[in-house]
Amino acid sequence: MAMIKCPECGAEISTRAVSCVKCGLPMSEIYICPECGEVMFRSGKTVCSKCGCPIEDNPYVVNTESQRKGSYTVEEDNAAGADADAQYVAIAEKIIKKAFSRNPLNSVGVYCESGNPISDERKVAAAKIAFDIPVNDKVFLIVSGNFMSGVDERMKGFAVTSHGVFFNDDHRKKGSFFLDEFVDVKISRWIGYLRFGDYEFNLGNDLNRMIRALNDLQNETMKYL
């Protein structure tokens, strides 16, 4: 698995995604050159715009049975990708429910309903804008670093959704991890900050309990994904 920049909007996305989490560009329309790593639009090109290597089947697109037989179509690939994504989401939701039901997370700026999707539509809508969450994702945890204004479209913090962890840290760096990528992220605290690797969040909440819950999420993910 690798992270690339969407050629349409520049957002960082995983090569296992079905589409860009920010602009919705399907992965089937993106080509990653296996020779030089150039990321480009697939349509209308026969060679890589950087190294001139002939464009073949995208190595990061799901290999369908028809593709292996030489009758590849974008429609079939999209269908295969959608099926794989649906399976991933179903497993992810079970993992999240199991981890968060054991670790109640409700305090100032923290919104969680014991592993169930958050029912407050206003908070969910604000989180999707603030953290660039895909529009159809269910949101299970919202953690806001905006102590005064709570949850709004400009907040810093992070959310856990049916696809993974989406965030906007204290330095206004946005990003995301699929759950199976998040298992490799070191979670720690430094004074009042929660850290995901190099990303920092000044939350001012019960960080030890938050870290336990996120570590539990990582452990559950390793069992299933």
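This note walks through a predicted model, from the whole chain down to its ring pairs.

1. **The chain as a whole.** The chain has 225 residues, and buried residues make up 46% of them. Its secondary structure comes to five helices and twelve strands. The accessible surface is about 11,300 Å². Carbon and sulfur atoms account for 50% of that surface.

2. **Contacts along the sequence.** Take the contacts in the chain with a separation of 6 or more. Of these, 45% are between residues 24 or more positions apart.

3. **The sheet.** Five strands form an open sheet in the order S5-S6-S7-S8-S9. Their pairing is antiparallel. S5 (110-112) and S9 (174-178) are the edge strands, and each pairs on one side only. Neighbouring strands of this sheet are turned by 10 degrees against each other on average, direction ignored.

4. **Strand S7 and its neighbours.** S7 covers residues 157-161. Five bridges join S6 (residues 139-144) to S7, and the two run antiparallel. Here Val-143 stands opposite Phe-158. Four bridges join S7 to S8 (residues 164-168), again antiparallel. In this pairing Gly-157 faces Asn-168, and Val-160 faces Val-165. A hairpin of two residues connects S7 to S8.

5. **Two helices on the sheet.** Helix H3 (residues 121-131) packs on the sheet and touches S5, S6, S7, S8 and S9. Its direction makes about 70 degrees with that of S6. Helix H5 also packs on the sheet, touching S5, S6 and S7. The direction of H5 makes about 35 degrees with that of S7.

6. **Helix H5.** This helix spans residues 207-224, which is 18 residues. From first C-alpha to last it reaches 26 Å, close to the 26 Å expected at 1.5 Å a residue. Its buried residues include Leu-207, Met-210, Ile-211, Leu-214 and Leu-217. An α-helix has 3.6 residues a turn, so residues three or four places apart point the same way.

7. **An edge-to-face pair.** The count comes to twelve aromatic pairs. Why is the pair of Phe-158 and Phe-201 edge-to-face? The ring planes stand at 65 degrees, and over 60 counts as edge-to-face. The ring centres are 5.5 Å apart. Phe-158 lies in S7 and Phe-201 in S12 (residues 199-202), so the pair ties together parts that are 43 residues apart in sequence. Phe-158 is buried, at 0% relative accessibility. Phe-201 is buried as well, at 0%.

8. **A tilted pair.** The rings of Phe-177 and Phe-182 have their centres 6.1 Å apart. Their planes are at 45 degrees, so this pair is tilted. Phe-177 has 17% relative accessibility and counts as buried because the cut-off is under 20%. Phe-182 is buried with a relative accessible area of 1%.

9. **The ring cluster.** Which residues do ring pairs link into a cluster? They are Phe-158, Phe-167, Phe-177, Phe-182, Phe-196, Tyr-199 and Phe-201.

Technical notes: Residues numbered from 1 in each chain as written. Predicted model: local features only at pLDDT ≥ 70, side-chain atom pairs only at ≥ 80, totals over all residues. Heavy atoms only, no water. Expected span 1.5 Å × (residues − 1). Buried < 20%, exposed > 50% of the residue type's maximum accessible area, 1.4 Å probe, protein only. Pairing = 2+ DSSP bridges. Axes fitted to C-alpha atoms, helices over the stretch in contact; angles between N-to-C directions. Contact = heavy atoms within 4.5 Å. Areas by Shrake-Rupley, 256 points an atom, 1.4 Å probe, with all protein chains shown as cover. Phe/Tyr/Trp six-rings, centres within 6.5 Å; stacked < 30°, edge-to-face > 60°.
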